[in-house]
Amino acid sequence: MNFPFIKYSKIYYALSGILIVAAIASLIMFGLKFGIEFTGGSNMEIDFTGSRPSNDQIVKALDSFKLGDVVVQPTGTTGDILQFKGVDEATHQQILAAINKLSPAQEKSFQFIGPSIGQELKNKTIIAILLSLLAITAYIAFAFRKVSRPVASWKYGITSLIALFHDILIPLGVFSVLGKYYGVEITVPIVAALLTILGFSVHDTIVIFDRIRENIQRSGMSQFEETVNKSLNQTVGRSISTVITVLLVMASLFFFGGDTLKYFSLALIIGITSGAYSSIFIASPLLVSWQKWTEKRAK
């Protein structure tokens, strides 16, 4: 027995609408807390040969240098990554000496990123995401050009774009809250996770759309709603099993992968879950709703 997915489309839209409005409101109120890769600053990775001091001890030892908000991120069992505002080489050496007074340590790396470079990287990241969205939309519209009825091929591209915005906005909304209350920053790995979410989500959507195309070619263009519903029932098992497999891996990384992978995996967990939801409950039902609205307008 087929589950009537399309019958409850208004419920799906309402739930997604609430999540999107909440995400946008969060982004407006809190914004995003960007890491030094985007804002500029210093990144120091150290490894303690003795006992590792607490984060509070390190921050207190560096207080006299006026480094702004010092972020201390433990790595492994003996290491720390420190992030603070840009400093010259003399101050860098004084900071290292102050840390060594707490406990003997070796510096593994030190990186300084100027504010102009950080801003350039931020702009390029935004452009990369926008170009990815446009390229995906154009590809889907081209791939479904031979199925132009009862829904025009370009509408497949637009509905997939709406789903992709859904899948990006929700993780960004979560990270804006985490940034406000827990100091979680948007870093290069998180941007990589967002681009991965785009690829995963569009792949899932295309699988469903492709089954819709096959069913239209087999049974004709009549009863488009039934065709979409049938296609969803044929592919939902595959979509859920794929998502569960990926989420198991991401959950393992989140809990056992260390601090450097924690928020990368969290972004993927949120985005991939959102992507699976949008592929099944948003993109395909939107095609039916759009087709009904077009027919109603024509009459």
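This text walks through a sheet with its packed helix, and then a pair of helices. The model is predicted, so local features need pLDDT of at least 70, side-chain atom pairs count only at pLDDT 80 or more, and totals for chains, interfaces and linings use all residues. Residues are numbered from 1 along each chain as its sequence is written, and side-chain values use heavy atoms, leaving out hydrogens and water.

Start with the sheet. Strands of a sheet pair through backbone hydrogen bonds, either parallel or antiparallel. Here four strands form an open sheet, in the order β2-β3-β1-β4, with antiparallel pairing. Strands (E, at least two residues) and helices (H or I, at least four) are DSSP runs, numbered from the N terminus. Two strands pair if DSSP finds at least two bridges between them. β2 (71-75) and β4 (105-113) stand at the edges with a single partner strand each, so one side of each has no neighbour in the sheet. From one strand to the next, the twist averages 15°.

Now look at β1 (residues 41-48). It pairs with β4 over eight bridges, in the antiparallel sense. D47 stands opposite Q106 in β4. Helix α4 (residues 89-102) packs on the sheet and touches β1, β3 (79-84) and β4. Contact means heavy atoms within 4.5 Å. The direction of α4 makes about 30° with that of β1. Axes are lines fitted to C-alpha atoms, for helices over the stretch in contact, and angles run from 0 to 180 degrees between N-to-C directions.

Next come two helices. The axes of α7 (residues 188-219) and α9 (residues 259-298) come within 8 Å and cross at roughly 25°. That makes α7 roughly parallel to α9, a label for angles under 35 degrees.

How values were computed: Parallel < 35°, antiparallel > 145°, perpendicular 65-115°, else oblique.
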